[in-house]
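Here is a short briefing to read alongside the model. Have the structure open and follow the topics one by one.

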Amino acid sequence: MESSIFRYILRYTLKDQILILALTLFSLPFLYASLEVPKLIINDAIGGANRPKEIFGYPVDQLDYLFLLCGLFLLLVIINGGLKYVLNVYRGVVGERMLRRLRYDLFTRLLRFPIPHFKKVSQGEVIPIITAETEPLGGFIGEAYALPAYQGGILLTYLIFIFNQDVLLGIVATALYPFQLYIIPKLQRSVNQLGKKRVLAARRLGDRIGDSISGIEEVHSHDTSRFERAVISERLGRIYSLRFDIYKRKFFIKFLNNFLAQVTPFFFYLFGGYYIIQGELSLGALVAVLAAYKDLSSPWKELLKFYQIKEDVRIKYEQIIEMFQPDGMLETGLQDATPVALERNKGGWESSNLSYSEQENVNLVERIGFKAGLDQHTAIVGIGSSGKEQLGQMMARLLFPSQGKLNLAGMDMKHLPEASAGRYLAHVGPQAHLFSGTIGDNLFYSLRHKQLSEDDQAQRSTEITDSEKSGNSTDTPDGEWIDYDELDLQPGDPFKQHIHQVLAAVDLSDDLFQLGLLGTIDGEQKNGLEAEILSARANIHQSLQQTEYQGLVELFDWQRYNSNLTVLENIIFSPSANSGSDHESLAGDDQFQQFLDRQGLLQPFLEMGRELAEIMLDLFSDIEEDSDLFERFSFIHAEDLPVYQTLVQQTKGKPVAREDAKLCHRFLSLTFKLVPARHRLGLVDEVMQQQILKARHALESERSSLSIELEFFDGERFSAELNIRDNLLFGRLVFGQARAEEKITELLQRVICDMGLEPRIIEAGLDYEVGTAGTRLSAIQRQKLAIARAIIKRPDGLILNEALSALDAGSERKIIANLRQQMAQRGLVYITNRAQQTREFDQLLVMENGKLVAQGDYEQLSQESEVFKQLLH
């Protein structure tokens, strides 16, 4: 990237800047004319002096001339306003496009950072640079050349006018400019230095906040919240001190400018008055000069303000560029080059004198040589500091050697395009990252190398044009990215079969089956699955009659109250209540409250809500706010306890006033959340249950008059609002039954497998949202999914770099066997400290202190290598 922001601007917006400058200069005569015409209106049209008798051969009287000049003035106002609007919009568009380009360029460079660099810089430092610190640059880019030209043009116009009145007054008007031009930059440089320090301090603050968020469990586990607040307070104090110094200097600069602007009229009065008394200057000329000088101050202030902004932006840009130019960046050509297929007949990995270091004179891998074929299964064993992990990353082309050479299929890996490494190699580390989205999004992530087609390209023409003008990618994430020919598969069933094989290989099928049961079915997945689920429901209900399952599920029945549903769900008898917000929205709905009142339920529900509030206050008033007891058992969030405390005190000893909307909303929302079988508070007796059933039946006939969309539970229909599990059961598990969850899950799985629906349920599990960085999955599930993501692209070489270290030995052994089968006749590199798991591998490399101390097969090393023997024990 360009080292100067002005060169960066000209490189991409030269034509735009010339056009903006031309429009700016074009607007100046109209601006001057708009100042001149009012003088003509007053002096000539109204005063009658120097009024022309005719214009373009047409005779005009004084009134005609007045109308003509007023019309001309109005036209000039419209022209000036229109030109200003066009200039502002054009500058804004250019600025925003360049801001978009800059952010895109920075992110592109971020993708080329050497991986070890991320050990020195945190997300908290990098993210604000791209998102926040670049923001001021957008507005500046559009004005970088136009604003000084425009304000400078106005300034020059006024100065010429003043000098035309009197040269000496012109000299007086500009006498203090040299002093300002000398002192202001000096003061501004000190502000710039403080600004640099402020930016660095803000980045350190963001870094520490990010650290605190990442280590939030440690903060709570060790009671270090006070220490964390002290650290943040110290860094906030540093920023405060810097900003305070900046404000003092900036406002001194402002004070100095204003003071000098006010001093100049003093000289006008002094010298101008003297010359008037001496008869060398007219009073009108002095008044005209004073009026011009008053207008002169505005462009001068704008130019000084522009200088300050320019310096601030320059400093920001230089700091950003410095941050995004680390040593060892990946060459652009290697990242964007087309893939080169690996010629496996030329061999696999081969190294000579291979070394790697991240600190000077400290080699993590030191002068090793080895061979590992792309048709071999190789294990690399050693303890954590042996250098084996760095060797694995070099074999995946994630790290580059400091010395020596590492070839793959006859090619130097330093010159191997990223497209080749990304397609034909796969690496999984000990802490694989998952992206926000679904399991499917993460599973197919390794297949998204290049967009193949785009169906809505015509509809996206404007978006594509804007992307091209901003130097951004014209690809869309919603296009087709999976190249089935590259996988040697056909879309549809063959690809789905490949997915299931991959999931089975990493022992993830059962997990996705369970997650699939909690999912819903979208339009693409239906394809007869609804009818099959209804058939499965009938089989499940028949099995529930068996003794071992009796009393474990309470089915949905229109004629019966379901004690395992909430009060609200029993009234509306609809899966829409699964939405957590419905309890709140219906509690505050006037029409629904009126419906409850007609059914004689409103007042009893309000009293019940107050009683629930009293119970919750008694139970949870002394519980810590961050306790999970609130989420598990309480109807009330910790922060809402004081609100309910006030409401309970207000209604103590008297009926709850239904006229109070806030009161009704709060107490009804508590009643609606009550599940009798779970909470066992004895508030919903048999009489109340019958009243609720009566209200349910009344709702069926009245729902058209209420602004509520409901889909009642129907045993003969599939409900799109229910998840697959609830559709299969058409009921709820009974609270408090021992092993109910386990038994019912086994029943569901047996029925589904017997009907051949298991693959469809697993596919539904692919839509499960993994959360931020995959936090909704367990650590083991994340690792399994990362391995599945690696092998789904059918790589020529797979490197598992401590990827199974979180698993127990039995699970690890099973997955290794599956992967060895999946990678038959292809390269598999397994890096581990568990030497016992390497018996079946073709060759073993033993690492110690960065050196290759032994290599051979398992039997040979277990007899001859002392280091390997220690690892076995």
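Strand β3 (residues 349-359) pairs with strand β6 (residues 403-408) in the antiparallel sense, over five bridges. Within that pairing, Ser351 has Leu406 of β6 as its bridge partner. Please keep in mind that this is a predicted model.

- Together β6 and β7 form a hairpin with two residues between them.
- In the turn of this hairpin, Ala409 has a positive phi of about 50 degrees.

**The six-stranded sheet**

- An open sheet is formed by six strands in the order β8-β11-β12-β5-β13-β14, and its pairing is mixed.
- At the edges are β8 (425-428) and β14 (851-856), each of which pairs on one side only.
- From one strand to the next, the twist averages 15 degrees.
- Strands β5 (residues 377-381) and β13 (residues 843-848) pair in the parallel sense over four bridges, and here Ile380 stands opposite Leu845 in β13.
- Helix α32 (residues 779-791) lies across β8 and β11 (797-801), and its direction is at about 175 degrees to β8.
- Helix α33 (residues 809-822) lies across β5, β11 and β12 (827-832), running at about 160 degrees to β12.

**Salt bridges**

- The structure holds 29 salt bridges, and a few of them are worth a visit.
- Glu532 and Arg760 meet through their side chains in a salt bridge of 3.7 Å, N to O. This pair links distant parts of the chain, with Glu532 in helix α19 (residues 529-543) and Arg760 in helix α31 (residues 758-765), 228 residues apart.
- Glu532 counts as partly exposed because its relative accessibility is 28%, and Arg760 is partly exposed too, with a relative accessible area of 24%.
- Another salt bridge joins the side chains of Glu741 and Arg725 (3.4 Å, N to O). Glu741 sits in helix α30 (residues 740-754) and Arg725 in helix α29 (residues 724-729), 16 residues apart.
- Is each partner buried or partly exposed? Glu741, at 46% relative accessibility, counts as partly exposed, whereas Arg725 is buried, with a relative accessible area of 9%.
- The side chains of Glu859 and Arg839 also meet in a salt bridge (3.2 Å, N to O). Glu859 belongs to helix α34 (residues 858-864) and Arg839 to the loop between β12 and β13, 20 residues apart.
- Glu859 is partly exposed at 46% relative accessibility, and Arg839 is partly exposed with a relative accessible area of 46%.

- Gln17 is found in helix α1 (residues 5-46) and is buried, because its relative accessible area is 4%.
- Leaving aside residues up to four places away in sequence, Gln17 touches Ile9, Val94, Ile141, Gly142 and Tyr145.
- Between Gln17 and Ile439 there are 47 Å in space, C-alpha to C-alpha, and the two are 422 residues apart in sequence.
- Phe73, Leu74, Val77 and Ile78 make a nonpolar surface patch of about 360 Å².
- Val77, a member of this patch, lies in helix α2 (residues 62-110) and counts as partly exposed, at 41% relative accessibility.

Terms used. Residues numbered from 1 in each chain as written. Predicted model: local features only at pLDDT ≥ 70, side-chain atom pairs only at ≥ 80, totals over all residues. Heavy atoms only, no water. Pairing = 2+ DSSP bridges. Axes fitted to C-alpha atoms, helices over the stretch in contact; angles between N-to-C directions. Contact = heavy atoms within 4.5 Å. Patch = residues over 30% accessible without salt bridge, like charges linked within 9 Å, V, L, I, M, F, W, Y side chains within 5 Å. Areas by Shrake-Rupley, 256 points an atom, 1.4 Å probe, with all protein chains shown as cover. Salt bridge = Lys/Arg side-chain N within 4 Å of Asp/Glu carboxyl O. Buried < 20%, exposed > 50% of the residue type's maximum accessible area, 1.4 Å probe, protein only.
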